[in-house]
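This report describes the overall build of a protein chain and then turns to one residue within it. Please consult the sequence and structure displayed here alongside the text.

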Amino acid sequence: MKTKVAINGYGTIGKRVADAVCAQEDMEIVGIVKTRPSFEARIALEKGFDIFTASKENIEEFKKSKIEVSGTLEDLLKNADIVVDATPGDTGEEYKKLYEKHGVKGIWQGGEEHELTGFSFNSEANYNEALGRDFARVVSCNTTGLVRVLYSLDNAFGVKKARVTLMRRSADPNDIKTGPINALIPDPIKLPSHHGPDVNSILPDIDITTMAVKTSTTLMHLHALNVELKKTCTEDEIINVFEKRPRIRLVSSKDRIKSTAEAMELAKDLGRPRGDMWENVVWKDSIVINKGELYFFQAIHQESDVVPENVDAIRAMVELEKNGERSILKTNRALGLHVN
Ligand code: NAD
């Protein structure tokens with residue numbers, strides 16, 4: 001029997017996780033929750049998803065728009081094993097009580113605090129610790145991207161310290177309200193940024209400090225990393241480590257991938273759904289050891305890098321697969337994510 005997954009919050013992350021779950025053999029979507037009728041709700045219906053509303057009050061609005069609704073979130077929870085909560089954040093406590101009431105496991109996203117579940121997840125770094133858990137939080141897009149590279153470097157060479165500057169996309173491409181249109185915003189001005197402590201919610205022993213700047217782009221985040229390693233190593237050895245990781249894609253400016261724009265074009269040309277790039281895009285030719293320290297650039301597709309992690313979190317929490325590496329392989333294969 002397939003694991004029954006509910007999606008609460010069918011926006012940027014929720015709709016992608018829904019499709020990724022559908023691609024897996026061992027899980028299925030039993031319904032998605034929308035607050036308001038929209039084109040996304042209509043497409044969800046066309047895809048065969050049952051739509052539920054966040055509360056009874058919303059049902060009338062859906063009826064007026066002639067979008068069929070199967071009930072409320074509470075009705076959906078009666079038939080689910082696990083819910084992926086991809087609501088915008090800050091509704092965590094309220095929904096957690098509801099999931100507990102219905103005996104349904106819950107996965108939140110990076111917009112919620114670590115304290116909500118007391119456990120933050122990354123597929124490669126701590127799959128085992130998620131086994132059988134009732135509640136977990138898949139960390140944000142930026143933290144997921146940082147944990148993937150730092151975990152692999154730490155395993156191979158030991159990370160003495162990491163200093164990272166994050167150039168953040170300021171809004172998702174479908175967002176018509178958020179700026180800046182023409183500015184760079186140190187965010188937060190008071191340093192360091194929260195990304196370092198968030199990495200520590202998964203990798204507590206890594207000495208990391210981060211600063212972030214909001215930039216006038218919607219495509220991807222760009223990270224500039226400076227890492228001091230415990231063991232001396234060469235650039236080729238770093239490349240070797242990244243090549244073996246399941247969710248790191250090495251690219252090169254020699255292939256004319258010199259920007260986030262071209263990295264996104266690559267995802268489209270690969271035939272990815274919605275043009276998604278689930279893996280970290282690391283510039284192979286940016287990797288350099290200078291004065292004994294490692295430097296490189298990576299780009300992170302904020303809309304999609306956490307999607308495979310959500311699938312693995314489901315598998316671990318429901319104990320569909322006890323081995324993290326096997327889960328990652330299953331998820332990657334089902335999505336068509338074959339890198340390097
Ligand atoms: P979004 O705004 O695109 O989607 C959220 C969806 O939830 C919308 O469809 C909205 O209508 C719905 N919603 C709002 N209030 C609700 C409620 N009370 N009950 C049920 N549904 C409700 O947001 P998103 O970008 O998908 O973000 C979701 C979560 O994922 C957040 O925690 C965010 O921090 C995290 N996240 C976002 C990104 C990103 O770049 N977009 C990346 C990684 C993680």
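## Burial and surface

In this predicted model, 54% of the 340 residues of the chain count as buried. The accessible surface of the chain amounts to about 15500 Å², and carbon and sulfur atoms contribute 49% of that area.

## Dimensions and fold

The radius of gyration of the chain is 20 Å, which agrees with the value near 20 Å for a compact globule of 340 residues. The C-alpha trace spans about 65 × 45 × 40 Å along its principal axes.

The secondary structure of the chain consists of 12 helices and 16 strands. Among the contacts in the chain with a separation of 6 or more, 71% are between residues 24 or more positions apart.

The chain carries 47 positive and 52 negative side chains. The centres of these two sets are 1 Å apart.

## The setting of Thr 72

Thr 72 lies in strand β4, which covers residues 71-72. Is this residue, Thr 72, buried or exposed? Its relative accessibility is 11%, and buried means under 20%, so Thr 72 counts as buried.

Leaving aside residues up to four places away in sequence, Thr 72 is in contact with Phe 52, Thr 53, Ser 55, Lys 56 and Ile 59.

Terms used: Residues numbered from 1 in each chain as written. Predicted model: local features only at pLDDT ≥ 70, side-chain atom pairs only at ≥ 80, totals over all residues. Heavy atoms only, no water. Helix = DSSP H or I, 4+ residues; strand = E, 2+ residues; numbered from the N terminus. Rg over C-alpha atoms; globule rule 2.2 N^0.38 Å. Buried < 20%, exposed > 50% of the residue type's maximum accessible area, 1.4 Å probe, protein only. Contact = heavy atoms within 4.5 Å. Areas by Shrake-Rupley, 256 points an atom, 1.4 Å probe, with all protein chains shown as cover. Lys, Arg positive; Asp, Glu negative; His and termini not counted. Charge placed at Lys NZ, Arg CZ, Asp CG, Glu CD.
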